Amino acid sequence: HPLAIAAARKLAAVHLHRGEFEALTLALEPLVEKARSVLGPKHPDTLGIENYLARGYQKTQRLEEAEALYRHVIAAQAEALSKEHPQAVMAIQSLGQVLEARGDLAAAEESFLDAAERF
């Protein structure tokens, strides 16, 4: 049910804000498929859940998974949200952080410049 998905997302946000990144990923990995199925793959709440999961991957050094998921979220947000929407810009900035951590400084710079322009 959409309300159950929303409640689970709010619980995941508590894990995020507490810095409990393992718990965050454990809570969100099964929730992503439910959100895609119930809400749709481009629903803002689904994209928010995927973005939180990418953050969990980033914070637990699962950088390849974080990069792939951020790229997916950014592409979907390009269709679902405005170019300057704060969630869309934050995903681009987060992708830049992942790219920087992976040592791809040229791509990281490109993401940061894109985010700065959109902000």
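**Exercise 1. State how confident the predictor is in this model, and identify the elements at the two ends of the confidence range.**

Solution. The protein chain has an average pLDDT of 94, and 100% of its residues score at least 70. The structure is a predicted model. Next, consider the individual elements. Helix H1, residues 2–18, has the lowest mean pLDDT among the elements of the chain, at 93. Helix H6 has the highest, at 96.

**Exercise 2. Describe how helices H5 and H6 pack against each other.**

Solution. Step 1: recall the two quantities required. A pair of packed helices is described by the angle between the axes and by the distance between them.

Step 1: H5 (residues 86–101) and H6 (residues 105–118) pack at an angle of about 160°, and their axes are 8 Å apart.

Step 2: classify the angle. Angles over 145 degrees count as roughly antiparallel; H5 is therefore roughly antiparallel to H6.

Step 3: The crossing in which H5 passes H6 is left-handed.

Step 4: list the residues in contact. H5 contributes Val89, Ile92, Gln93, Leu95, Gly96, Gln97, Leu99 and Glu100. H6 contributes Leu105, Ala107, Ala108, Ser111, Phe112, Asp114, Ala115 and Arg118.

Step 5: sort them by class. The contact of H5 with H6 comprises 9 nonpolar, 4 polar and 3 charged residues.

**Exercise 3. Carry out the corresponding analysis for helices H3 and H5.**

Solution. Step 1: the axes of H3 (residues 44–59) and H5 come within 11 Å and cross at roughly 20°.

Step 1: angles under 35 degrees count as roughly parallel; H3 is therefore roughly parallel to H5.

Step 2: H3 passes H5 in a left-handed crossing.

Step 3: on the H3 side, the contact is made by Asn51, Arg55 and Gln58. On the H5 side, Ala91, Ser94, Gln97 and Val98 take part.

Step 4: by class, the contact of H3 with H5 has 2 nonpolar, 4 polar and 1 charged residues.

**Exercise 4. Locate Gln77, decide whether it is buried or exposed, and describe its surroundings.**

Solution. Step 1: Gln77 lies in helix H4, which spans residues 63–80.

Step 1: a residue counts as buried under 20% relative accessible area. Gln77 has a relative accessibility of 2% and therefore counts as buried.

Step 2: neighbours within four places in sequence are set aside. The contacts of Gln77 are then Leu47, Gln87, Ala88 and Ala91.

Step 3: compare sequence with space for one further residue. Gln77 and Pro41 are separated by 36 residues in sequence, while their C-alpha atoms are 10 Å apart in space.

Conventions. Residues numbered from 1 in each chain as written. Predicted model: local features only at pLDDT ≥ 70, side-chain atom pairs only at ≥ 80, totals over all residues. Heavy atoms only, no water. Axes fitted to C-alpha atoms, helices over the stretch in contact; angles between N-to-C directions. Helix = DSSP H or I, 4+ residues; strand = E, 2+ residues; numbered from the N terminus. Parallel < 35°, antiparallel > 145°, perpendicular 65-115°, else oblique. Left-handed = near helix turned anticlockwise from the far one by under 90°. Contact = heavy atoms within 4.5 Å. Nonpolar A, V, L, I, M, F, W, Y, C, P; charged D, E, K, R; others polar. pLDDT = per-residue confidence, 0-100. Buried < 20%, exposed > 50% of the residue type's maximum accessible area, 1.4 Å probe, protein only.
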